[in-house]
Every structure is written in structure tokens, then in C-alpha cells.
Amino acid sequence: MKKRTMPYGYEIRNGEITVNPKAEQIIKEIFKAYLDGMSFGNIADEMTCRGVDYYDGKKTWNKLMVKRILECRHYLGTEKYPPIISHEQFESVAMLITAKYGGYNKLTGAYFCLVEHTEKQKRVRSIEAVML
């Protein structure tokens with residue numbers, strides 16, 4: 001069994017790391033779906049139902065695969081990897097993940113506290129960030 005040596009969405013062509021166009025579209029869909037309110041698990045279920053190939057014929061997705069994609073900084077572009085996602089979209093997802101789960105976000109370098117407010121008899125959660 002081969003081990004993944006690079007993040008989902010990238011492949012080597014002619015000795016260079018390039019973006020796989022089909023996987024690029026999936027990555028963008030995953031970021032959009034998460035920003036639109038879908039959970040890691042719901043996105044994974046959607047990818048599995050559609051038969052999207054994750055790696056080497058593996059078409060069964062799980063929430064950790066989705067989370068790994070959403071937290072992968074390589075998609076911003078580095079010396080080695082071409083960009084797939086904008087900084088704004090990546091930061092929005094990082095803030096949303098931290099807002100949902102609280103704590104320190106290694107992606108943004110901020111601590112977040114979940115603060116509950118009562119407004120018109122609805123419980124509304126907001127976030128307060130403290131940048132390091």
C-alpha cells in the first residue's frame with residue numbers, strides 16, 4: 001500500500017508539483033460547503049455519496065479527511081505547492097473552525113473564547129479573539 005506523500009489535490013507531472021484539476025474543484029467545494037454551514041461529517045458523506053476518489057481508489061470519506069483538507073496551509077501556495085484557495089477563504093474557515101470548537105487556533109495564531117449571549121430569547125454564540 002502506498003502512503004500519501006503530498007496533500008490531496010496535488011500530483012507530480014514532468015517532475016513538478018502541479019494541481020490536479022478535478023481535486024482542485026473538490027477542494028474548493030469543500031471550503032465553500034464548510035463556509036455555508038455543512039459539518040465535516042456531512043461534507044464527508046456528500047463526497048462518499050458522489051464517489052469522489054480521495055486517494056488511490058479510496059472513495060469512502062470521513063470527517064478527519066475533510067478537516068485535514070480544511071486545515072492544510074499548502075492550499076494557500078508555498079514555494080513548493082501552487083495555490084488553490086485564497087487567503088481570505090482559508091482564514092474564514094480557520095476562524096469558523098476555532099469558533100465552533102474554541103481554544104487556540106494554530107492556523108491563525110489566536111485564542112478564541114465562545115461567549116453566549118441571549119437575544120430575543122435565542123441563544124446566540126459570538127467569538128472574541130485575542131491575537132498573540
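In the predicted model, a polar atom of the T98 side chain lies 3.0 Å from the backbone oxygen of A94, a polar contact being a pair of N or O atoms within 3.5 Å, one able to donate a hydrogen and the other to accept it. T98 is found in helix α4 and is buried, with a relative accessible area of 4%; buried denotes under 20% relative accessible area, with a 1.4 Å probe and protein chains only. Residues are numbered from 1 along each chain as its sequence is written. Local features in this predicted model need pLDDT of at least 70 and side-chain atom pairs pLDDT 80 or more, whereas totals for chains, interfaces and linings use all residues, and side-chain values use heavy atoms, without hydrogens or water.

Helix α2 spans residues 40–50 and packs against helix α3, residues 63–70, at an angle of about 105°, with the axes 8 Å apart. Helices are DSSP runs (H or I) of at least four residues, and axes are lines fitted to C-alpha atoms over the stretch in contact, with angles from 0 to 180 degrees between N-to-C directions. The two helices are therefore roughly perpendicular, a class covering 65 to 115 degrees. At this contact (heavy atoms within 4.5 Å), F40, G41, I43 and A44 of α2 meet K63, V66, K67 and L70 of α3.

The buried residues of α2 are F40, I43, A44 and M47. These residues cover an arc of only 100° around the axis, which puts them on the same side of α2. Their cover includes α1 (21–35), α3 and α4 (87–101). Following α2 is G51, with a positive phi near 70°.

Note on methods: Angles under 35 degrees count as roughly parallel, over 145 as roughly antiparallel, 65 to 115 as roughly perpendicular and the rest as oblique. Buried means under 20% relative accessible area, exposed over 50%, partly exposed in between (1.4 Å probe, protein chains only). The arc is that of the directions from the helix axis to the C-beta atoms.
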